[in-house]
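Welcome! Here is a short briefing to read alongside the structure, taken one topic at a time.

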Amino acid sequence: MSLSLFKFRDMVILGLHGVVVHKVRSVLTILGILFGVWSVIAMLAINAGLSVQSQKALRRLGSTNIIINSIKPETDAANSGAYNGALVYGLTLRDVERLGTNTPGVVESAILHKTQKTACAGEHIRAVGVLGIEPNYLAVANGEVSRGRFISDLDILLCRNVCVIPQSFANRMFPADDALGKDLHLLDSDGKPFHIVGIMETLPAALESQLGESGDAVLVPLSTSRAEFGSMTIRYSQGSRSVEQVDISQCILRMENESAVIRGAGVVRNLLQRDHPQGDYALKVPVEEIKLMKADMRRWNVMFFLIASISLLVGGIGIMNIMLASVTERTREIGVRRALGAKKQDIVTQFLVEAVTLTTLGGLLGIGIGTFVPWILQQILAIETLITPMTLIVPFVMAVVVGLLSGFYPALRAAKLDPIDALRHE
Amino acid sequence: MSLVKIDNLWKIYPLLAGDVVALGGVSLEIKAGDYVSIMGQSGSGKSTMLNLLGCLDKPSRGQYWLGDADVATLTDEQLSVVRNERIGFVFQSFNLIPWLTIEENVEVPLFYQGIAPAARRAKSMEMLSLVGLGDRVGHKPNELSGGQRQRAAIARALVNDPLIILADEPTGNLDSATTLEILDLFDELNQNGCTIIMVTHEADVAERTRRVIVLRDGELESDRTQAPQGGKR
Ligand SMILES: Nc1ncnc2c1ncn2[C@@H]1O[C@H](COP(=O)(O)OP(=O)(O)O)[C@@H](O)[C@H]1O
Ligand SMILES: [Mg+2]
């Protein structure tokens, strides 16, 4: 037993010796594995990073929310001319009530009404979306006030002229001062300015679909908005004037949990289809989208995995090629060793140790570079990457398996030769 | 009891063009301590016979006893052990492993016996001194002359204290002066009790041995014992 253990150690040393003696072959093999492994790790890390990034974005919309936005329908389908020549479309308060009572699992609903106004403070003038909301909008839409306060129940009750604005808009309107506590004029109100009571670092993600590129917005009490601006929005574009009337611009239904969202989304879809055949709404269900995205990601992962496998396979074939060539080159050596007393097993062990050493070295170096490259990408290109133990282990194991198979097969083949055939090999 | 005994030994290579009978029923015995040369024309089956004796190849038919072992009954592993412990090979083309130093080359048989590195090295050095290469141990085979390489190969054949040395045209690639050197070495080994079986097609090389076996077309043509013409004596 101790003899065989001792001999095993010697066999390992012999294999390692083979690695050192055949330098060019060893370096080529290690390079092959290294490139396979690091490219796969980097690919997986970038893929995982993308997936995490977009999932985060959807989670910000609220995973228990069903978001319904009013959208302008195709012109001829619209209920045009119904009122003062205004284009009437979108959700109504009745819709919201109906949705609230008929959809199982609704905890609360938050509504938003948007009008388009012009804001001015001193010499700064900008077009803004004025968003009439109620206090619960903040919590439902996962928003956060960074300074000051949000719209309160009392603001609603008293139809106060107060507002909350995002930091970016505050910077534009009050570049020199702190906007908090200042007054903002919203044109064609009756002149009374809006007092800025709160600043939000970022607006809730659910608002993104309501705002233009600039993201300029003023959040005001819904009651104030209704009283001062009504539900009409007058647009002037290229000399013509169009009037639009939208009762409710956005409704967010907050559901008990994610499974209630899935069930509720079906009900909401049916109700809206029945009541709004003209299609003047857009339903956004983050959980569904996350699910879709996960399925999408799985497909991508399969793709990446296939590409990765192919690159490893190509590397493996390269390694096998080198190994086979070296076996041919070394068949005489094997014949000599067999003539001098090596057993088949000894030859296999020798070649396996070589293969294991080369693949492990290549694999470890691959892991090193494979973690370094995504890090560099993250630092320089700001691409989010994610390295999990699996993204390291899977390519490593694959490389080692490929290396072993490609090392094992030639070893087996070489060992199986009759000593005399190996010796005669030219 | 004889060291080697073969009985009606055949080796047939089945080829597409027809079977080639390399060895057609040879029977003979060789005593321990003998010095035998196998002669014959090219293609007469000398190498085939030596390979069979060395357990590198398996006979198509017939029996072969090496010492007390019936070689046909041995497994592949056991054959490896037999080659490892009882047989020393010397080849015409030396067959040293090119990326090992000659000292490492000589160690190889001991390696497969599981002998410790230090002991292997000591024994290897001893054998290399014996063949007069004590000062070239660290050289690679391609840094040595043909005669030196063959002496290294002989050191390797001796390192496991074999029962029998099998040499296939050991002087075939050497000039006449070097040939004499190697033959002197064989004489010396034989005088120390080593059994040597050597294939050669040169009559003056065969002169140096005690027994000359001649093959012709795979069959035994003659088998005579002679007074060896030792170079040093
Ligand atoms: N591997 C082989 N396959 C087919 N024929 C072979 C093989 N080895 C040897 N022979 C044939 O067997 C015969 C004896 O060969 P060999 O023993 O090498 O002759 P020698 O060594 O006396 O020159 C020759 O005719 C040779 O062609
Ligand atoms: Mg021959």
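## How chain A meets chain B

Between chain A and chain B, the count is one salt bridge. Keep in mind that this is a predicted model.

**Charged and polar links**
- The partners in a salt bridge here are Asp76(B) and Arg338(A), whose closest N and O atoms are 3.2 Å apart.
- Polar contacts also cross the interface of chain A and chain B: the rule finds 10 residue pairs, with both residues at pLDDT 80 or more.

**What chain A brings to the contact**
- On the side of chain A that touches chain B, at least two residues each come from helix 1 (2–21), helix 9 (286–339), helix 10 (344–381) and helix 12 (419–424) of chain A.
- Helix 1 of chain A gives the most to this side, with nine residues.
- Sorted by type, the residues on this side of chain A are 12 nonpolar, four polar and 13 charged.

**The extent of the interface**
- Chain A puts 29 residues into the contact, and chain B puts in 29 residues.
- Together the two chains bury about 2500 Å² between them, and 60% of that is on carbon and sulfur atoms.

**A nonpolar patch on the surface**
- Val24(A), Val27(A), Leu28(A), Leu31(A) and Phe35(A) form a nonpolar patch on the surface.
- The accessible area of these residues together is about 480 Å².
- One of them, Phe35(A), can be found in helix 2 of chain A, which covers residues 23–60.

Notes. Residues are numbered from 1 along each chain as its sequence is written. Chains are lettered from A and ligands numbered from 1 in the order in which they are written. This is a predicted model: local features need pLDDT of at least 70, side-chain atom pairs count only at pLDDT 80 or more; totals for chains, interfaces and linings use all residues. Side-chain values use heavy atoms; hydrogens and water are left out. Patches are made of residues with over 30% relative accessible area and no salt bridge: like charges are joined within 9 Å, nonpolar side chains (Val, Leu, Ile, Met, Phe, Trp, Tyr) within 5 Å. Accessible areas come from the Shrake-Rupley method with a 1.4 Å probe; for residues, only the protein chains shown count as cover. A salt bridge is a side-chain nitrogen of Lys or Arg within 4 Å of a carboxyl oxygen of Asp or Glu. Helices (H or I, at least four residues) and strands (E, at least two) are DSSP runs, numbered from the N terminus. Contact means heavy atoms within 4.5 Å. Buried area is the accessible area (1.4 Å probe) that two parts lose on being put together, summed over both. A polar contact is a pair of N or O atoms within 3.5 Å; within protein, one must be able to donate a hydrogen and the other to accept it, and residues adjacent in sequence count only if both atoms are side-chain atoms. Ala, Val, Leu, Ile, Met, Phe, Trp, Tyr, Cys and Pro count as nonpolar, Asp, Glu, Lys and Arg as charged, and the others, Gly among them, as polar.
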